[in-house]
Structures are given as structure tokens and as C-alpha cells.
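Colleague: I would like to learn how to read a few local features. Let's go through them one by one.

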Amino acid sequence: MKSRTLTCITVFAALAITVRLSAHDNPDHAPTFTTFDPPGSVFTYALSINPAGAIAGYYYDASNVGHGFLRGPDGTITAFDTPGAVNGTFGLSINPAGAIAGYYGDATGYNHGFFRAPHGAFTTFDPPGSVLTYAYSINPLGAIAGNYYDAARFSHGFLRASNGTITTFDPSGSVSTNAYSINPLGAITGNYQDAGNVYHGFLRAPHGGITTFDPPGSVLTI
């Protein structure tokens with residue numbers, strides 16, 4: 001068994017070296033870049049790409065208003081605005097199915113989360129007690145992670161399940177929690193600020209248990 005394991009490692013290492021050499025030496029495999037902007041954009045932010053090559057993000061127009069966009073694998077760009085958006089729509093994450101998560105600003109200056117289905121339908125949401133909602137990441141099942149601010153302007157993490165159920169959370173000792181990414185299993189990572197204004201990383205397991213951490217020597221972990 002040990003010999004087989006070593007053989008597999010050797011084969012994978014050889015394949016990796018072969019791929020790297022061929023990509024480096026063969027001009028046909030040289031990296032290529034495609035630049036793009038949605039029509040009317042003066043600032044474009046491409047923030048997330050799925051396995052099919054669809055890209056989600058947002059852009060600002062000449063009036064400094066933000067709009068979400070989806071760039072399909074064929075290069076077709078679709079701009080979109082969440083219903084009720086007055087102060088911008090911001091697409092932040094796209095999953096393999098093409099669903100997009102992000103947030104938008106309403107006429108009163110409050111932000112709300114949104115889920116844009118692959119066919120274009122919108123669902124808006126806020127965790128209980130939220131006055132500002134930021135939906136940062138969506139996984140293949142449609143679960144969304146992010147953070148929200150309460151009326152006292154303290155930030156908390158949230159998980160919005162694919163059925164719409166919202167669970168809020170904070171690591172122990174947190175006065176401000178920011179949840180930035182969720183994986184296919186539903187594990188969430190981000191950072192939090194303690195009472196001494198020091199930032200630490202956290203991992204929230206799919207079952208809800210939270211582990212906090214800092215790299216050795218860190219005084220601020222994001």
C-alpha cells in the first residue's frame with residue numbers, strides 16, 4: 001500500500017511538471033486575456049466566476065449608480081437591477097447554476113440582500129433586525145452567507161439556507177462579525193473583531209460549531 005501511494009504521488013508530480021512545462025513552453029497554451037465592460041459602464045468590478053465561465057459583478061454608470069451584471073460564457077452581458085433598487089445593485093457571487101447573490105440600496109439608504117435565480121427572478125431578504133444587509137457568497141445549493149448590521153450598527157454573520165431560512169451567528173467574544181465565503185458543504189469563513197479591536201479568523205462548520213484562529217504572529221486576521 002505504501003509503495004502504491006508513493007507511485008501515485010510520483011505520477012501526479014510528473015503530470016504537474018509536464019503541464020507546467022507545456023504551458024510555459026508552448027505558445028498555444030499561453031495565458032490569454034479578454035477585457036470587457038457592460039454598456040454604459042465607467043467602472044467595472046468582475047467579482048465571481050463559476051465553472052462554466054459565467055461572471056457576476058457590478059458596474060457604475062456615468063451618474064455613479066451601481067448596477068449588477070452577468071457575463072455569460074459566450075460573452076453576452078446582461079445588466080440587472082433589483083426591484084426597489086435606487087442606490088445601486090451589487091452582484092457579488094455566482095454559483096455553478098448561475099444564481100447570483102448580492103445586495104442593493106433602497107430609497108431610504110438601507111441595504112438589503114438579494115438572490116437572483118438563473119432565469120432572472122429576484123428574491124430579496126434581510127436577517128431579523130437588520131438595517132444593512134450584505135450577501136457575499138452563494139454555494140451550489142443556493143445557500144448564502146454574509147453579514148448584517150443591527151440598529152446599533154453592530155455587525156453579525158448570517159446563513160440563508162436554500163429554503164429561505166435565515167440563521168444568524170457570532171463567534172464567542174465578537175463585537176463585529178463578517179462572513180465572507182461559504183463552500184459546497186455549507187461551511188462558512190470570515191473574520192470577527194473582539195472587544196480589544198483585534199481581528200481574528202473563524203470557521204463555522206455546517207452543523208454550526210465555530211472555530212476561531214489566527215496565523216502565528218498575526219495581529220489582524222482577515
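Colleague: Leaving aside its neighbours within four places in sequence, which residues is Ser41 in contact with?

Modeller: Contact means heavy atoms within 4.5 Å. Ser41 is in contact with Tyr59 and Tyr60. This is a predicted model: local features need pLDDT of at least 70, side-chain atom pairs count only at pLDDT 80 or more, and totals for chains, interfaces and linings use all residues. Residues are numbered from 1 along each chain as its sequence is written, and side-chain values use heavy atoms, with hydrogens and water left out.

Colleague: Where is Ser41 placed, and is Ser41 buried or exposed?

Modeller: Helices (H or I, at least four residues) and strands (E, at least two) are DSSP runs, numbered from the N terminus. Ser41 sits in the loop between helix H1 (2–25) and strand S1 (43–49). Buried means under 20% relative accessible area, exposed over 50%, partly exposed in between (1.4 Å probe, protein chains only). Ser41 is buried because its relative accessible area is 18%.

Colleague: What is the phi of Asn64?

Modeller: Positive, about 65°, although Asn64 is not a glycine. Asn64 lies in the loop between strand S2 (55–60) and strand S3 (66–71). With a relative accessible area of 57%, Asn64 is exposed.

Colleague: And what is the phi of Arg153?

Modeller: Arg153, not a glycine, has a positive phi of about 70°. Its loop runs between strand S10 (144–149) and strand S11 (155–160). Arg153 is partly exposed, at 48%.

Colleague: Over which residues does pLDDT stay under 50?

Modeller: pLDDT is the predictor's confidence in each residue, from 0 to 100. It stays under 50 over residues 1–23. Where pLDDT is low, the predicted coordinates should not be read in detail.
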